[in-house]
Amino acid sequence: MSYSQQTSRPASGVHYFAEGWRLISRPGIKRYVVLPLLVNVLLMGSAFWWLFSKLGDWIPLMMGYVPDWLQWLSYILWPITVISVVLVAGYLFSTITNLIAAPFCGLLAEQLEGSLTGKPLPDTGIFGVVKDLPRIMAREWRKLAYYLPRAIVLFMLYFVPGVGQTIAPVLWFLFSAWMLAIQYCDYPFDNHKVSFADMRRALRQHKTHNLQFGALVSLFTMIPILNLVILPVAVCGATAMWVDRYRGQFVQH
């Protein structure tokens, strides 16, 4: 019996995030978790160590943009500003890490899908990854091209007095959640050569649930120690979502 037949197809993004934690220890899958996990530990660990060493300088600078009429809210705006900086930096670090780890994440999604469905993908394994490496990297740059213009606009909002300390953090969190859903769901979609535009249209069909998934990934990216293992967890959760919810639309049985 396949994975999708065993489940009741729950709609919640929370479910698939929890599935990711369970599936990283699935028999036959653990060895494919190792490489993306190592990349994430090395890069994310170093990046967050650097970030926390700089927060003491950056936060007072950003708080300097708070207008006088909002100074009475400083005790609330200060933690919001800290969270905002960690959110922005966390997503940037994740983007760089995912760019480097993309071939390993695609391989993990590929092997997990085969395990869940009992139908391994053709040309699977490390040789298939090497052959598809130019396409994989082109796909990562396509995601970056989608992300950068929107991120720049949101980042500029941080320097608008009042708005930067109140509205911008909320907008950035929602945008990060959506981008992380795209980032991790894209691995199984791309394994089947589903176009980036078709993938985004499919994800919009369940946008609220995908935002739930992305929001949890974003939150865990900010938590020390847990953020070191979040990459393979998110890949596994997104792959389970693909098998349950989207595979039937794009893969002919």
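Reader: Among contacts between residues at least 6 apart in sequence, what share joins residues at least 24 apart?
Author: This is a predicted model. Its contacts are counted here between residues at least 6 apart in sequence. Of those, the share that joins residues at least 24 apart is 79%.

Reader: How many helices and how many strands does the protein have?
Author: From the N terminus on, the elements run α-α-α-α-α-α-α-α-α. The count is 9 helices and 0 strands.

Reader: Which element gives the largest share of the largest nonpolar core?
Author: That core holds 69 residues. Elements giving two or more residues to it include α2 (13-23), α3 (30-63) and α4 (74-117). The largest share is 16 residues, and it comes from α4.

Reader: Which residues does W172 touch, leaving out those up to four places away in sequence?
Author: W172 is one of the core residues that touch the most other members, with Y184, F189 and F213. Leaving out residues up to four places away, W172 touches L87, V88, Y147, A151, L154, F155 and Y158.

Reader: Is α8 roughly parallel or roughly antiparallel to α9?
Author: The two helices pack with their axes 11 Å apart. Their angle is about 170°. Angles over 145 degrees count as roughly antiparallel. So α8 is, relative to α9, roughly antiparallel.

Reader: How many nonpolar residues are in the contact of α8 with α9?
Author: From α8 come H209, N210, F213, V217, F220 and T221. From α9 come I230, A234, G237, A238, M241, R245 and Y246. By class, 4 are polar, 1 is charged, and the nonpolar count is 8.

Note on methods: Residues numbered from 1 in each chain as written. Predicted model: local features only at pLDDT ≥ 70, side-chain atom pairs only at ≥ 80, totals over all residues. Heavy atoms only, no water. Core = buried A, V, L, I, M, F, W, Y, C linked by side-chain atoms within 4.5 Å. Buried < 20%, exposed > 50% of the residue type's maximum accessible area, 1.4 Å probe, protein only. Helix = DSSP H or I, 4+ residues; strand = E, 2+ residues; numbered from the N terminus. Contact = heavy atoms within 4.5 Å. Axes fitted to C-alpha atoms, helices over the stretch in contact; angles between N-to-C directions. Parallel < 35°, antiparallel > 145°, perpendicular 65-115°, else oblique. Nonpolar A, V, L, I, M, F, W, Y, C, P; charged D, E, K, R; others polar.
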